[in-house]
Amino acid sequence: MAPYPASDADYLKDKTRRDLLNLLEGVRGKKNLVLSQDLAGSIGLFVKFSLLQEYGVDRVFLLENTNVDSSQRNVVFLVHAEKSRQVRAVAEQIKRLQRNGNVEHEFSIFWVPRRTLVSNSILEEAGIIGDVNIAELPLYFVPLEQDVLSLELDDSFGDLYLHKDSGCAFLAAKALMDIQQRYGYFPRIIGKGDNARRLADLLLRMRKELDAEESSGLADLAARGLLPSASIESLVIIDREVDFGTPLLTQLTYEGLIDETVGIKHNQADVDTAVVGPTSVPQAQESSKAPQPTPKQGQKRKIQLDASDQLFSQLRDANFAIVGDILNKVARRLESDYETRHAAKSTTELREFVNKLPTYQLEHQSLRVHTNLAEEIMRNTRSDIFRKILGVQQSYAAGADPTDQHEAIDELIARDVPLTTILRLLCLESCMSGGLRPKDLEHFKRQVVQAYGYQHILTFNALEKMELLQPRSSAATLLLPSTSSQTGSKTNYNYLRKNLHLVVEEVSEQDPSDIAYVYSGFAPLSIRLVQCVLQKPYMLSLIRGGATGATPSPASTASPGWLGFEDVVKSARGSTFSIVQKGDDKAVRARQTLSGNNATKTVYVFFLGGITFTEIAALRFLAAQEAPRRKIVICTTSILNGNRMMDAAIEKGTFAKTE
Amino acid sequence: MAPSNPLANWERLGDSFYRKVSIYDAVFDDDVELENYIVAGAPYGGALALHRDDSKPHRFRDAQTSKSSIDIYSCSGKHIDRIQWEHGIIRGLGWSDKEELLVITEDGTVRRYFGLHGDFTSFSLGNGSEEYGVRACRFWNAGFVALLSNNQLIAVSNYDEPRPKLLAPCPEGEVSSWSLIPPAHTLSRSVEVLLAVDQTIYQVDPTEAEDKGQQNGPFKHASVSPAGRFVALITAEGKVWVVSSDFQSKYSEYDPESRVTPRTVDWCGDDAVVIAWEDEVHLIGPNGVAARYYYDDAVHVIPEFDGVRLLTNDTCEFLHKVNHVTETIFRLGSTSPASVLLDSIDLLEKKSPKADENIQRIRSSLPEAVDMCIKAAGQEFDPYWQKRLLKAASFGKSVLELYNSDEFVDMTEKLRVLKAVRDYHIGLAISYEQYMRLTPEKLIERLVNRHEYLLAIRISEYLQIPADKIYVHWASQKVKVSTVDDEAVCKLIVQRLEGKPGISFELIAQAAYDEGRAHLATQLLNHEPRAGKQVPLLLNMEEDEIALDKAIESGDNDLVSYVLLHLRSKVPLASFFRMINTRPMASALVETTARAEDTELLKDLYYQDDRPIDGSSVLVSEALNETELPRKLEKLHLASRLMADSKDATVVLQQKLLSESSQLLKVQEALDKDLADRSEFLGLSLNETIYRLIRSGYGKRGQKIQSEFKMPEKTYWWLRLRALVAKRDWGELEEVGKSRKSPIGWEPFYNEILGAGNTKLASIFVPKCTNLSVEDKVEMWVKCGMIVKAGEEAFRAKQVNTLELLRTRASGPASTEIERMINQLRPRN
């Protein structure tokens with residue numbers, strides 16, 4: 001197995017693009033492409049529309065719009081096979097086209113990420129399985145950034161915790177197997193949470209099956225199967241369930257706040273043109289747009305938010321408090337750069353300046369966009385309501401008496417702030433203090449259904465099922481550190497707050513020394529857990545000294561799992577595990593001597609159930625501290641924030657008459 | 001045995017040489033009258049299928065032989081299997097490159113025989129083939145095209161999931177000959193067909209039939225070269241033309257001087273055409289030069305991509321172009337370094353010092369010479385010359401200081417394999433190039449199909465290729481043929497395969513099940529390590545619960561869903577529920593799918609499980625989906641009835657809320673009737689209803705509803721404030737402001753009114769905010785633009801500093817006023 005020089009992100013991007021184009025090439029002539037909504041964004045991340053056109057794609061339709069027409073003989077569907085609703089939609093549309101068209105269509109379906117038995121039987125039921133060409137596009141991880149791989153399964157949060165459907169864990173396992181097949185086995189799998197355990201078990205099982213499948217009947221054991229990887233240190237799996245609290249807080253990094261206010265999907269944000277100006281930029285942003293039909297309203301503009309925008313990479317992980325400063329600095333630098341044109345005397349100097357002009361212009365555009373965006377966000381963050389919400393959140397996070405905040409929540413309800421906000425606050429309280437008092441819960445239920453409609457009875461049922469909002473069963477057991485015999489069924493924030501030092505009082509947003517800067521003083525539990533694995537000395541000094549001054553020593557030695565934190569970690573919900581994947585010792589040693597011990601090792605951190613931008617920022621902060629000894633690759637099922645968590649539960653129907 | 005002359009049977013054809021290598025002798029018994037048979041040969045030296053040509057008369061011998069059959073032979077004439085044929089007239093007989101035999105009958109039925117021993121699958125061509133009948137078929141390595149009697153063409157390009165597809169319709173007319181271009185060599189990436197109709201030729205692809213505008217038809221033969229670049233045609237006058245495949249240019253013409261149309265026209269590699277009659281073969285090279293071969297009895301031509309196999313009763317020969325490596329070494333009078341190197345071997349054996357001399361002479365080009373000898377060894381069929389050439393290479397590289405011997409080792413390995421399979425017992429007449437293209441894995445597959453397990457295992461061990469498939473095939477075969485009892489077979493198989501990794505017991509079990517040995521199948525299945533693999537078979541065997549458990553074990557929720565789908569349609573509901581009850585993953589999946597597709601099932605499930613809240617939730621969502629109000633109310637009623645008996649606190653609350661919800665709907669209906677001419681209130685939340693009432697000036701009604709629903713005062717006050725501000729009802733707000741106390745304080749009034757832009761009214765509320773600090777109040781005044789009032793506030797609190805600040809903001813008379821206050825406060829000295 002030759003090591004691949006390219007990063008995972010580049011490799012995946014390249015491979016998926018090639019796979020897709022090969023499939024398209026296989027359909028002769030011009031074709032119409034039908035995409036499901038959720039795939040359109042993902043596909044847009046690695047193929048430009050113009051490239052699709054080169055491969056004969058005439059028009060692109062969205063599956064959800066059910067408007068694909070007979071303008072081309074070839075119709076290609078690119079749809080998730082795991083979602084039976086979409087599969088049914090495909091079957092229906094094919095039948096519709098077959099019925100009413102006078103064109104004899106040639107149908108192809110590319111199932112993402114694999115052809116499923118269920119999709120087969122649905123097509124069979126519809127009686128069209130013989131009329132379509134079926135292929136697979138194995139799209140598992142979508143690289144969002146060089147260090148972020150996402151499965152982009154938007155429903156994964158609801159599936160996992162509301163419907164208890166662990167399908168995304170299976171897909172995650174498949175995706176991780178792909179990495180293992182490229183680099184060799186994760187030498188160690190460390191994780192927290194029941195679903196994480198499940199994912200690890202799946203990985204172990206798949207490895208066993210792979211061994212059974214791929215290997216030969218040869219007696220020589222070394223020649224077959226995979227070995228533990230030499231370039232990977234470990235895989236850390238964190239179940240979202242372990243730390244529901246963190247994503248419920250309002251994210252305070254720049255990217256996090258954009259996600260909270262306008263929403264970021266597939267690295268793009270739909271921003272009002274009133275805020276960022278009309279789409280006048282023909283390069284950069286536009287060309288990489290997803291292949292989507294032209295927006296009808298014309299009032300929204302897609303802003304590409306990724307590392308291709310230099311300014312954004314500078315801003316994204318910073319606390320919003322200092323974004324203004326950075327923007328000012330950049331503006332001033334740009335101006336002074338511009339001024340150099342006066343200083344240019346010789347023609348060569350002038351030519352140099354002209355050569356740089358396009359970069360200046362690009363920077364200028366990006367500066368304008370981000371200034372406007374930051375101002376818009378600022379308008380929001382300055383508002384009375386926002387500050388009130390933040391106040392409530394921070395008091396919960398700090399562990400103050402939650403009942404003090406109830407009045408504020410009542411007021412917010414009466415002032416008709418969005419339902420998601422209210423629910424986030426209630427869930428936050430429930431998570432942080434082990435449930436609401438039954439009396440309070442009843443009170444808020446009544447308040448909410450009166451204010452937002454009785455259909456939210458269902459919303460509350462869903463939230464309870466997800467264990468996000470619960471009555472406090474017996475307060476006493478929860479406030480004590482759980483006894484070492486049992487693993488907690490709930491995360492005990494009160495205990496962990498102290499023992500993992502979640503609240504950091506004086507945090508400098510300007511020059512942060514701890515990950516707590518991302519929430520202006522609250523360190524995400526999920527990341528603290530990762531630190532327990534990767535930065536043991538730092539965590540120990542934090543807990544012992546309680547001082548924030550100690551910087552993590554980069555010389556932290558190899559991490560044998562949870563060692564040293566077993567007891568603390570037990571207070572978080574779900575099972576705790578650390579599995580060593582053994583291989584043939586001799587081969588491992590041989591590899592080690594070959595590759596040398598001081599090479600950079602990669603740590604994969606997988607967030608099952610979603611990750612927030614703030615957590616990504618915090619992980620990048622860790623990665624910067626660990627470089628160059630370690631590289632952290634962040635994997636997740638989807639990008640999450642509190643609103644999306646609530647959306648999974650909120651009932652969308654109303655009692656209004658439907659037309 | 002004396003070594004054969006390496007130059008034997010060389011034939012010069014223009015610039016290059018062709019040679020005919022005899023591979024096997026005494027191929028067929030004499031009673032097989034080859035001239036009366038249709039012969040189809042699998043590519044890469046594979047098996048031969050013989051079927052008696054019914055159009056020719058034959059001697060009646062006995063009942064046995066007169067029965068129609070398809071016989072499968074190896075190239076060396078070893079009889080492999082006989083397929084009794086009573087399925088109608090065969091219109092197409094061909095092979096895929098996986099050595100699957102395809103038999104197409106006139107009515108469009110396709111039988112695909114795999115594994116050489118009579119196992120088959122079948123499908124129908126459809127598309128009118130029953131009606132019109134199949135006339136003929138042409139094959140390529142992965143598919144075929146059938147020509148119907150109405151000139152329609154049907155292509156099948158994948159045998160695993162056959163999808164017969166019509167090609168573009170072709171014009172009427174007599175098809176005199178036709179041939180296909182495999183998809184790999186066409187622009188359309190689909191198979192294309194050349195159809196000689198009347199005078200001309202049409203090129204047909206899936207979308208159109210293009211007339212190539214030829215005049216010299218009707219063409220009696222058309223044949224496309226292996227790489228798809230050239231087409232060989234036999235014109236009406238019986239001449240052979242070679243043209244480019246786009247028919248733009250003609251390369252050569254040859255007159256066979258025979259009035260009989262040749263039986264077959266095939267390509268020998270990409271440069272020469274072979275035309276054959278019953279007992280005569282012409283090999284036509286570029287520019288119309290030709291070599292002729294005559295035979296005593298019937299000869300059959302079997303095309304390969306690098307040559308042709310010539311088959312007679314006595315011999316199996318391989319006619320191919322002499323590789324330039326071989327040519328440079330063996331050509332008469334060759335002085336190439338490689339040739340010299342080969343000569344040195346003779347000298348070396350004679351212990352002549354000239355050997356060294358020779359080596360020194362070619363020293364500079366020795367590495368190339370060694371390479372060449374290695375390559376040439378691959379081209380030889382005779383082990384004597386293979387050894388000779390390898391010995392030369394070995395000698396050569398021993399002289400060299402640095403030489404990478406990988407290729408040498410590789411070649412010896414390959415030649416060993418080739419020698420083993422070319423043995424007449426096995427009878428695979430495969431050339432080196434064909435072996436390279438076929439790959440060792442496929443070669444082993446072919447051995448397995450011939451039940452040559454030992455050789456297959458030896459080769460796979462020798463080449464370090466996984467051997468699991470061989471074992472599985474062996475075991476499946478064992479299951480099929482053994483007559484001993486199940487336990488013994490299972491024990492034998494497990495014992496034999498123990499410790500062999502990668503064995504798919506599922507396949508063996510499937511074979512056992514297909515043989516009707518279900519018990520054996522279950523036993524074997526227990527040895528399968530991959531849970532997922534067991535599921536389909538278990539379902540077939542009706543071991544439903546085990547199948548479900550195995551599916552869950554695999555963690556693949558597609559598999560679980562599939563099993564559930566299967567079970568749902570099969571078992572009664574009660575036992576279905578019982579099955580999923582103890583399996584959380586299964587019940588979660590059932591719930592999820594049922595929620596989207598089958599709410600009745602969901603209700604039953606919740607009823608069975610005694611989950612009243614969930615059950616009523618389903619009804620509530622149904623109520624939301626109903627369009628008419630009475631239906632909505634009815635569903636809500638049902639929903640709350642479901643929870644009637646429970647005393648659980650959450651249930652009680654939910655029930656209470658549900659009845660409130662119905663109550664609100666009724667109130668809203670009344671409001672809609674009274675106040676609005678269309679549905680305006682229905683479906684709003686309670687808060688929104690009251691807000692809208694106040695905003696539209698029906699404050700009284702709002703208040704009534706507030707008390708009806710016991711809405712907290714605070715909420716009501718907030719709603720009224722926001723509604724009045726939105727209505728810009730300043731008078732009413734002022735009126736409200738006259739009350740003594742507000743449950744939400746007065747600050748919100750100030751903020752909201754100020755936000756709406758009425759500074760004057762906002763200012764009224766500043767003094768009422770008694771619990772605020774002076775600074776705040778000063779700020780509030782300032783926001784209203786009342787600097788003087790702000791000053792007074794500060795003055796009262798005796799804050800000079802604040803006043804000083806205010807002074808900078810003030811202008812005109814206000815500034816003098818502030819000045820005055822400052823002066824008053826300042827101690828006079």
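**Starting from one arginine**

Mentor: Arg701(B) is partly exposed, with a relative accessible area of 33%. Here buried means under 20% relative accessible area, exposed means over 50%, and partly exposed lies in between (1.4 Å probe, protein chains only). This is a predicted model, so local features need pLDDT of at least 70 and side-chain atom pairs pLDDT 80 or more, while totals for chains, interfaces and linings use all residues. Residues are numbered from 1 along each chain as written, chains are lettered from A and ligands numbered from 1 in written order, and side-chain values use heavy atoms, without hydrogens and water.

Now for the partner. Arg701(B) makes a salt bridge with Asp674(B) (a Lys or Arg side-chain nitrogen within 4 Å of an Asp or Glu carboxyl oxygen). The closest N and O atoms of the two are 3.2 Å apart. Arg701(B) sits in helix 26 (residues 699-708) of chain B, and Asp674(B) sits in helix 24 of chain B. Helices (H or I, at least four residues) and strands (E, at least two) are DSSP runs, numbered from the N terminus. The two residues are 27 apart in sequence, so the bridge ties together separate parts of the chain.

Follow helix 24 next. Glu660(B) and Arg446(A) meet in a salt bridge through their side chains, at 2.4 Å from N to O. This pair crosses between chains. At one end is Glu660(B), in helix 24 (residues 649-675) of chain B. At the other is Arg446(A), in helix 18 (residues 438-452) of chain A. The two ends differ in cover. Glu660(B) counts as buried because its relative accessibility is 10%. Arg446(A) has 22%, so Arg446(A) counts as partly exposed.

Step into chain A. Arg415(A) bridges to Asp384(A), with the closest N and O atoms 3.2 Å apart. Arg415(A) lies in the loop between helix 16 (406-414) and helix 17 (419-432) of chain A. Asp384(A) lies in helix 15 (residues 384-398) of chain A. They are 31 residues apart in sequence, so this pair too ties parts of the chain together. Arg415(A) is buried, at 12% relative accessible area, while Asp384(A) is partly exposed, at 33%.

Some bridges join up into a network. One such network links Lys465(A) with Glu591(B), Arg595(B), Asp609(B), Arg611(B) and Asp614(B). Over all chains, the count of salt bridges comes to 88.

Leave charges and look at rings. Rings of Phe, Tyr and Trp (its six-membered ring) pair if their centres lie within 6.5 Å; planes under 30 degrees apart are stacked, over 60 edge-to-face, the rest tilted. That rule gives 27 aromatic pairs over all chains. One of them is Tyr161(A) with Phe244(A), an edge-to-face pair. Their centres are 5.3 Å apart, with 85° between the planes. The pair links distant parts of the chain, 83 residues apart. Tyr161(A) belongs to helix 6 (residues 156-162) of chain A. Phe244(A) is in the loop between strand 9 (232-239) and helix 9 (245-248) of chain A. Tyr161(A) is buried, at 1% relative accessible area, and Phe244(A) is buried, at 3%.

Phe330(B) is in helix 3 (residues 324-330) and Trp385(B) in helix 7 (residues 383-399), both of chain B. The parts they tie together are 55 residues apart in sequence. Phe330(B) counts as buried at 8% relative accessibility, and Trp385(B) does so at 13%. Rings also gather in a group: Trp717(B), Trp746(B), Phe749(B) and Phe765(B) form one aromatic cluster.

Finish with the backbone of chain A. Val112(A) and Pro113(A) are joined by a cis peptide bond, with omega about -10°. Pro113(A) is in the loop between strand 4 (106-112) and helix 5 (117-126) of chain A. The bond from Ala627(A) to Pro628(A) is also cis, with omega near 0°. Pro628(A) lies in the loop between helix 26 (613-626) and strand 15 (630-636) of chain A.

Lys164(A) is not a glycine, yet has a positive phi of about 55°. Lys164(A) is partly exposed, at 39% relative accessibility. Asn267(A) has a positive phi too, near 65°. Asn267(A) counts as buried, at 6%.
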